[in-house]
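Hi everyone, thanks for coming. Please have a look at it on the screen, and then we'll go through it together.

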Amino acid sequence: MQKEKIGKDKYIIFLDIDNTVFDGKRVPEKTAKALAKAKELGHKVFINTGRAHCIVTKDIIDAIRPDGIVSAMGTSIFVGDECIFSALMEEDDVKFLVKYGDDMGAFVIIESIERLISMHGQGFMGQDNFIEKAEDLYTSFPDMKVSKISIMRTLPDDDLAMLRARFPAVYSHSGYTEIPPEGCNKATAIARVCEYYGTDVAHSIAMGDSGNDYDMIKFAGIGVAMGNATDDIKEVADFVTTRCEEGGVAYALEKLLFEKE
């Protein structure tokens with residue numbers, strides 16, 4: 001795939017999905033129209049989500065029409081239909097995490113580009129396969145290539161400290177915990193996409209609302225926190241926009257890009 005040139009005054013826009021461009025029901029019309037305008041003006045639009053690639057749904061893609069998709073905390077990067085980067089968790093690490101979740105009876109989602117596997121629960125949007133116990137994973141799915149593990153509960157501090165002693169990045173949220181492989185988060189994805197296009201990180205804009213967006217909002221040339229973002233995200237952002245459901249992405253683009261055209 002031949003890379004397109006990006007003008008010196010153009011930006012690559014990186015967007016979290018949930019509660020950033022998608023309010024739980026739809027992509028607000030204002031947001032969809034603003035992203036279409038940004039693309040017409042020569043800017044690039046990338047989804048940059050914690051979701052696995054297989055659950056970046058068609059309705060969201062159709063509304064945004066991104067130039068590329070970063071999924072599962074920077075573990076896979078697609079430009080159009082071409083995968084330009086993919087990272088996997090080590091099998092020993094996967095077995096450790098799945099057994100940890102099994103021992104506590106936690107709902108665990110094992111994620112790859114192509115599919116999800118759930119243990120002790122039903123995963124996101126029902127688009128997954130199921131195992132009953134940890135040892136079933138590689139017995140039932142011997143070819144499983146794991147991008148990320150999500151443990152669907154808030155973990156106690158002692159457990160988080162134990163996991164962080166082994167894993168470089170453990171993202172704790174209210175109700176779930178995400179663990180990607182070493183060297184992957186939403187900020188490393190921005191660096192890789194900018195390198196692919198041969199543009200400086202200063203010409204990147206990142207928008208998000210929650211803990212796993214912290215790295216990219218701090219790292220990007222311009223970091224944007226949604227009006228519904230957590231306080232720590234707002235503190236590190238360069239710009240705070242309105243809420244997701246109010247078309248906060250559109251408001252940010254208007255102020256940061258369109259008024260300068």
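Let me begin with one term: a residue counts as buried when its relative accessible area is under 20%, as exposed when that value is over 50%, and as partly exposed in between. Please also keep in mind that this is a predicted model.

With that term in hand, take F167. Its relative accessible area is 3%, so F167 is buried. F96, in contrast, has 28% relative accessibility and therefore counts as partly exposed.

What kind of ring pair do F96 and F167 form? Their ring centres are 6.1 Å apart and the planes meet at 45°; planes under 30 degrees apart would be stacked and those over 60 edge-to-face, so this pair is tilted. F96 belongs to helix α3, while F167 is in the loop between α5 and β10, so the pair ties together parts that lie 71 residues apart in sequence.

Helix α3, residues 91-103, packs with helix α5, residues 157-166, at an angle of about 170°, and their axes are 12 Å apart. Angles over 145 degrees count as roughly antiparallel, and that is therefore how α3 and α5 run relative to each other. On the α3 side, the contact is made by D92, D93, F96, L97 and Y100; on the α5 side, by D159, M162, L163 and R166. Sorted by type, the residues of this contact are five nonpolar, four charged and no polar.

Now back to the rings. How many aromatic pairs are there? The count comes to five. One of them joins F46 and Y197, with centres 6.1 Å apart and planes at 85°, so that pair is edge-to-face.

One last stop: the charged end of K37 sits over the ring of F258, 4.4 Å from the ring centre.

Terms used. Residues are numbered from 1 along each chain as its sequence is written. This is a predicted model: local features need pLDDT of at least 70, side-chain atom pairs count only at pLDDT 80 or more; totals for chains, interfaces and linings use all residues. Side-chain values use heavy atoms; hydrogens and water are left out. Axes are lines fitted to C-alpha atoms, for helices over the stretch in contact, and angles run from 0 to 180 degrees between N-to-C directions. Helices (H or I, at least four residues) and strands (E, at least two) are DSSP runs, numbered from the N terminus. Angles under 35 degrees count as roughly parallel, over 145 as roughly antiparallel, 65 to 115 as roughly perpendicular and the rest as oblique. Contact means heavy atoms within 4.5 Å. Ala, Val, Leu, Ile, Met, Phe, Trp, Tyr, Cys and Pro count as nonpolar, Asp, Glu, Lys and Arg as charged, and the others, Gly among them, as polar. Rings of Phe, Tyr and Trp (its six-membered ring) pair if their centres lie within 6.5 Å; planes under 30 degrees apart count as stacked, over 60 as edge-to-face and the rest as tilted. Buried means under 20% relative accessible area, exposed over 50%, partly exposed in between (1.4 Å probe, protein chains only). A charge sits over a ring if NZ of Lys or CZ of Arg is within 6 Å of the ring centre and within 35 degrees of the ring normal.
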